[in-house]
Amino acid sequence: MENIKKLKLAAIIDGLGWNYVGWQHPEMPADASENIDFYIQQAKLAEGAKFDTLFLVDVSHVGPGNIPHYLSMFEGVSVMSAISTHTQKIGLSVTASTSYADPYSVARQILSLDKISRGRASLNAITSNPGGMVNFSRGHLGKSDQYPMNKEFMEILLGLWDTYEDDAFIRDKESGVFLDPRKMHRVNYRGKYFQVEGPLNLSRSVQGRPVLYTAGTSQTFMDHATSYTDGVFTHGHTLEETVAIANELRRQLVEKGRRPEDFIVSVSQNPIVGRTDQEALEKYLELLRLIPKNSLPRPLFFGSAEKVADQIQQWHDQGAIDMLILRQDHPHGLRDFIDLVVPILQERGIFRTEYEADTLRGNLELPMPAFREI
Ligand SMILES: Cc1cc2nc3c(=O)[nH]c(=O)nc-3n(C[C@H](O)[C@H](O)[C@H](O)COP(=O)(O)O)c2cc1C
C-alpha cells in the first residue's frame, strides 16, 4: 500500500543508544540519561530540524543485562515537562507500562503535560515485560495478565481524557457559574484489574486528547493498537517484514471502520551516516574499538547520506513507515542525520521545511478527535 502522508521523524533523546558501549566514547557525556542539559540540547537540535516528536522509551526496573545508561535515568513525564518549557513545536512522547502504572495517575500526568505544552504530548502505552511487576506491588501477576490489563488501561485512559465536553467550563465570574455539570462524565469503570470511577479533574487539551501509541509485534498488540491507539511503535527485521506488519495493521483498521491515514506506523533505526560510505564506516569503527569483542551489529541504515536517504524514501514509499524514530549509537548520530540526511529528504519533498501546526496531532496529520462518552 503506497504512503500518502509525508514522512514523520522522531528522535529518542535519552542518550547513548541501545548499546553497551556508546557511553565510553570520548565525545559522549557518560551521564547523558540523567543529564538535563543533554536532553535539552538534543531536543533543541531535533526541533531546529522540524522533527515531529521527541520520544522516550521506558526502563522502569533494573534487570539482568541492563544497558549501562539505563541503570540511572530520568522518568519520562518529568523530563518532558522540563523540555516543554524550552521548545515550542516539537511533540513530547513518553512511554509508560500499562502493567506497572496506575491508569488514573497516568491519564492525569499525560493530559497535564499535553496542556502545559499546549497540545504536544503523547503516550506510548506498552505492556513491557513482567519483570518489573515486583516494583509496583504486582508481583502476584504474570505475563498472561499483561494484555487484559493493557485493554482495561486503554479504555480507562480514553474515558478519563474525555471527562469534560469541550464547552463544559463556563467560568462566568458575574453569574458565579463555573461548570455545566451535565457536561462532566464519569467513567465508572469496573474491570478485573482496575476500578476507576472518575471523573478526571482536567479538561480536554487543544489537540482534543494526547496522541496514544502502543509498541509490540504480536497479534494481540495489533488488535489493541487498531482498536484504541493513534499509532504504533513496531519492529521488523527487514523492509519486507515491516511492510507486512504495517499492511496488516492497516487491514485491521479498515475492518474496524477506521481510516489508515489517521494512524501512524513507526519503527526505530540507528543510522550511522557520513558524507561518504567510508566516513560512515570510520564512525562505526570508532565504536567497535571501544569493545574488545567487537560485538556491535552494523546498523541497517548505514553509509553515505544519499544512500541512507534512499533507504528511508524506499521504506516510506513502500508503506513500511509513516514515522522513523531515530536512535543514536554514535554520539553525533542525531546531529549527523540532521546535517546530512534531513536536507536531502527536504529537497526531495518527503520531509517538511516548516512545521504545519502547533500541536502534535496537527503535525502528524491526525484529525482532532471529537469528544465521546464511553
Ligand atoms: C518497537 C518496540 C518498542 C518497545 N519499547 C519498550 C520500552 O520502551 N520499554 C519496555 O519496557 N518495553 C518495550 N517494548 C516491549 C513491549 O512492551 C512488549 O513487552 C513486547 O513487545 C512483547 O509484546 P508482544 O509480544 O505483544 O509484541 C517494546 C517493544 C517493541 C516491539
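**Ground rules.** I am working on a predicted model, where local features need pLDDT of at least 70, side-chain atom pairs count only at pLDDT 80 or more, and totals for chains, interfaces and linings use all residues. Residues are numbered from 1 along each chain as its sequence is written, and side-chain values use heavy atoms, with hydrogens and water left out.

**Largest pocket.** I looked up its volume first. The largest pocket holds about 1300 Å³. A pocket here is an open set of points, on a 1 Å grid over the protein atoms alone, where a 1.4 Å probe fits, with protein on both sides within 12 Å along at least five of seven lines; lining residues have an atom within 4 Å of a point. The volume is the space filled by probe spheres set on the points, which are joined across faces, edges and corners. I found 47 lining residues, and Trp18, Val57, Phe233, Ser268 and Arg327 are the closest to the centre. Strands S4 (121–126), S10 (231–234) and S11 (264–269) each supply at least two lining residues. Strands are DSSP runs of E with at least two residues, and helices are runs of H or I with at least four, numbered from the N terminus. By class, I noted 19 nonpolar, 23 polar and 5 charged residues in this lining. Gly counts as polar here, while Tyr, Cys and Pro count as nonpolar.

**Ligand.** Where does the ligand sit? I find it in the largest pocket, by the test that more than half of its atoms lie within 2 Å of the grid points. There are 14 residues around the ligand, with Asp58, Ser128, Tyr147, Thr217 and Ser218 nearest; a heavy atom within 4 Å qualifies a residue. That shell has 6 nonpolar, 7 polar and 1 charged residues.

I then listed polar contacts (N or O pairs within 3.5 Å).
- A polar side-chain atom of Ser128 is 2.5 Å from a ligand oxygen.
- A polar backbone atom of Asp58 is 2.8 Å from a ligand nitrogen.
- A side-chain N or O atom of Thr127 is 3.3 Å from a ligand oxygen.

On its own the ligand has 610 Å² of accessible area (Shrake-Rupley, 1.4 Å probe). The protein covers 74% of that area.

**Second largest pocket.** I get about 410 Å³ here. Its lining has 29 residues, and Asp58, Ser60, Glu75, Gly76 and Thr95 are the closest to its centre. Helix H2 (76–84), strand S3 (91–97) and helix H3 (103–116) each give at least two lining residues. The lining divides into 19 nonpolar, 8 polar and 2 charged residues.

**Backbone.** Gly198 and Pro199 are joined by a cis peptide bond, with omega about -5 degrees. I place Pro199 in the loop between strands S8 (195–196) and S9 (211–215).

Terms used
A polar contact is a pair of N or O atoms within 3.5 Å; within protein, one must be able to donate a hydrogen and the other to accept it, and residues adjacent in sequence count only if both atoms are side-chain atoms.
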